[in-house]
Amino acid sequence: MAEVVWVTSWEIQCCGDPIAVGELVAWTATRNIDLDYLGWVIGPTSAAEVTAAEEHHVPDEDWIEISGKVESIESVLCEFAPKEGVRYPVAGTAVITSVDRADGWESEPEDLVFVGYRVRLS
């Protein structure tokens, strides 16, 4: 079964390993995804395709194992602005770029923040 996995920038920076298209991966993940928040970041249609989030810090009862071949990686950056005293992604500002490798550190042009990767596994 194909999976579309959200990999948050800080997760791969903190505890993840670099990945590349064509590699086999085995991750702990969760299906408990905040699709409302993710919809603000990458848009509701793209967020709805996400089936899991790679995760190292969830309670054991929420963990699932996901493995597969990395078919594609998309780097996601967007603008953030204050909302109710918290910095929040600005809907419609996502810049999504296909990349061959991901290590958690992407260049951030002015006004954009690297948020994470959308990774398609087969």
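How many salt bridges does the structure hold? The structure holds four, a salt bridge being a side-chain nitrogen of Lys or Arg within 4 Å of a carboxyl oxygen of Asp or Glu.

1. Basis. This is a predicted model, in which local features need pLDDT of at least 70 and side-chain atom pairs count only at pLDDT 80 or more, while totals for chains, interfaces and linings use all residues. Residues are numbered from 1 along each chain as its sequence is written, and side-chain values use heavy atoms, with hydrogens and water left out.

2. R31 and E3. These residues form a salt bridge, with 2.9 Å between the closest N and O atoms. R31 sits in the loop between β3 (24-30) and α2 (35-42), and E3 is in strand β1 (residues 3-8), 28 residues apart. Helices (H or I, at least four residues) and strands (E, at least two) are DSSP runs, numbered from the N terminus. R31 is partly exposed at 43% relative accessibility, whereas E3 is buried at 8%. Buried means under 20% relative accessible area, exposed over 50%, and partly exposed in between (1.4 Å probe, protein chains only).

3. E49 and R118. The closest N and O atoms of this salt bridge are 2.8 Å apart. E49 lies in the loop between α3 (44-48) and β4 (52-54) and R118 in strand β10 (residues 113-121), so the pair ties together parts 69 residues apart in sequence. E49 is partly exposed at 36% relative accessibility; R118 is buried at 10%.

4. R118 and E74. R118 also meets E74 in a salt bridge (2.8 Å, N to O). E74 belongs to strand β5 (residues 64-78) and R118 to strand β10, so this pair joins parts 44 residues apart in sequence.

5. Network. Salt bridges link E49, E74, R118 and R120 in a network.
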